[in-house]
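This briefing goes through one structure by topic, starting with the overall fold and moving on to charges, surface patches and backbone details. Please keep the sequence and the model open while reading.

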Amino acid sequence: MKFLWTELLLLLALLPVLVALYLYILGRNKRRAVRFASLALVREAIPGSARWRRHLPPALMLAALAVTIFALARPSAVITLPSQQRTIIMAIDVSLSMRATDVLPNRLAAAQAAAKAFIEELPSDLRVGIVSFAGTALLIQKPTNSKEELIAAIDRLQLDRHTAIGSGIVMSLATLFPEEGIDLESMVLGSRQSWRTHKPAEKKAEKKEVKPVPPGSNSSSAIVLLTDGRRTTGPDPLDAARMAADRGIRVFTVGFGSPAGGPAMMDGYSIYMAFDEATLKAIAQLTEAEYFHAASADELKKVYQALSAKFVLAKEEREVTALAAALAALLALAAGTLSLFWFSRL
């Protein structure tokens with residue numbers, strides 16, 4: 001536990017003074033009792049339970065005062081919020097290089113199988129959206145916690161030409177922040193016919209100025225970027241990563257395929273496809289996330305398991321002043337109630 005106003009804890013030094021004052025008052029009352037003919041008769045007249053009852057309300061009030069001082073110091077603690085709504089956007093590369101067979105049966109099929117396994121293990125409070133990207137990027141499934149809809153969207157993935165990694169990131173950000181009015185037509189989709197075909201009939205949101213936040217500070221949303229290829233078109237992936245970092249969004253990158261590349265048939269030719277590992281590492285570093293390399297279907301499943309564990313246990317540091325104040329109020333209320341019930345006074 002931490003305190004935002006630590007200096008106020010010095011007020012705790014008043015508690016021993018109050019205890020000493022209470023003991024002084026008790027001693028003075030005892031001296032007054034000497035007026036009675038016999039102190040033994042006074043003790044016999046007072047039930048045993050009344051001896052500790054007289055001390056309990058002051059003790060509760062002292063505890064209430066101590067907790068109040070803790071509340072004034074504004075305590076904060078790291079707590080788990082299982083009911084928090086979290087969102088992951090999976091940006092999946094569907095460029096033609098995903099035909100490569102260095103990950104059997106091929107890169108796309110392995111990615112689809114592992115993605116389904118990842119979705120099956122997700123907690124119910126986590127929504128997932130799916131973005132596919134090749135020469136451009138498309139949102140093929142809005143964020144949802146319906147596993148059936150997500151698996152159906154993964155099965156609909158289709159290969160296309162070119163690789164626009166930056167477009168995948170920007171489209172993912174536009175999905176997470178629809179109110180910001182990110183200009184997808186100029187940044188991601190351009191004048192390609194595929195955009196005109198899939199363009200939704202929605203009113204364009206007004207572009208808003210974004211106030212940068214610390215990278216990785218958004219604990220409720222993240223992007224998982226899966227790609228095997230080097231960028232051939234679209235915005236610079238590092239510029240897109242900086243956009244994510246300014247919004248506190250972590251971009252976990254997964255590069256899959258063997259370092260030497262794998263054969264993929266294109267226009268009747270067998271071409272070896274590799275991936276740009278340095279760029280993927282830089283994207284993860286800029287956004288305070290992690291980079292994973294999966295050279296086989298089994299390793300890709302392990303990557304998803306690691307990512308799933310990160311999102312299941314989401315902890316945040318929260319100020320708990322209200323809880324401390326509520327406890328202090330309960331203690332004070334208990335002290336007052338007992339004093340009225342037992343002694344008919346506060």
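A residue is called buried here when its relative accessible area is under 20%, exposed when that value is over 50%, and partly exposed in between. By that definition R247, at 12% relative accessibility, counts as buried. The model is a predicted one, and every value below is computed from it.

**Overall architecture**

- The protein chain is built from 13 helices and eleven strands, and of its 346 residues 42% count as buried.
- The accessible surface of the protein chain comes to about 19000 Å², and carbon and sulfur atoms hold 59% of that surface.

**Salt bridges**

- A search of the whole structure finds five salt bridges, and the pairs described under this heading are among them.
- E180 and R247 form a salt bridge in which the closest N and O atoms are 2.7 Å apart.
- Because E180 lies in the loop between α7 and α8 (184–189) while R247 lies in the loop between α10 (237–246) and β7 (250–256), this pair ties together parts that are 67 residues apart in sequence.
- Salt bridges that share partners join D102, R107 and D228 into one network.
- Within that network, the side chains of D102 and R107 meet in a salt bridge with an N to O distance of 2.8 Å, and R107 is buried, its relative accessible area being 0%.
- The side chains of K116 and D155 meet in a further salt bridge, at 2.5 Å from N to O.
- K116 lies in helix α5 and D155 in helix α6, so this pair ties together parts that are 39 residues apart in sequence.
- Both ends of the K116 and D155 pair are partly exposed, K116 with a relative accessible area of 26% and D155 with one of 45%.

**Surface patches**

- Which residues gather in a patch of negative charge on the surface? The patch consists of E120, E121, E148 and E149.
- Within this patch of negative charge, E121 has its place in the loop between α5 (107–120) and β4 (126–133), and E121 is partly exposed, with a relative accessible area of 45%.
- A nonpolar surface patch of about 430 Å² is made by L18, L21, Y24, I25 and L65.
- The largest share of the nonpolar patch, namely four residues, comes from helix α1, which spans residues 14–32.
- L18, one of the residues that make the nonpolar patch, is found in helix α1 and counts as partly exposed at 36% relative accessibility.

**Backbone details in loops**

- R74 has a positive phi of about 55° although it is not a glycine, and R74 lies in the loop between α4 (56–72) and β2 (75–80).
- The place of H162 is in the loop between α6 (147–155) and α7 (165–176), and at 44% relative accessibility H162 counts as partly exposed.

- D183 and V170 are 13 residues apart in sequence, and their C-alpha atoms are 9.4 Å apart in space.

How values were computed. Residues are numbered from 1 along each chain as its sequence is written. This is a predicted model: local features need pLDDT of at least 70, side-chain atom pairs count only at pLDDT 80 or more; totals for chains, interfaces and linings use all residues. Side-chain values use heavy atoms; hydrogens and water are left out. Patches are made of residues with over 30% relative accessible area and no salt bridge: like charges are joined within 9 Å, nonpolar side chains (Val, Leu, Ile, Met, Phe, Trp, Tyr) within 5 Å. Accessible areas come from the Shrake-Rupley method with a 1.4 Å probe; for residues, only the protein chains shown count as cover. A salt bridge is a side-chain nitrogen of Lys or Arg within 4 Å of a carboxyl oxygen of Asp or Glu. Lys and Arg count as positive and Asp and Glu as negative; His and the chain ends are not counted. The place of a charge is taken as NZ of Lys, CZ of Arg, CG of Asp or CD of Glu. Helices (H or I, at least four residues) and strands (E, at least two) are DSSP runs, numbered from the N terminus. Buried means under 20% relative accessible area, exposed over 50%, partly exposed in between (1.4 Å probe, protein chains only).
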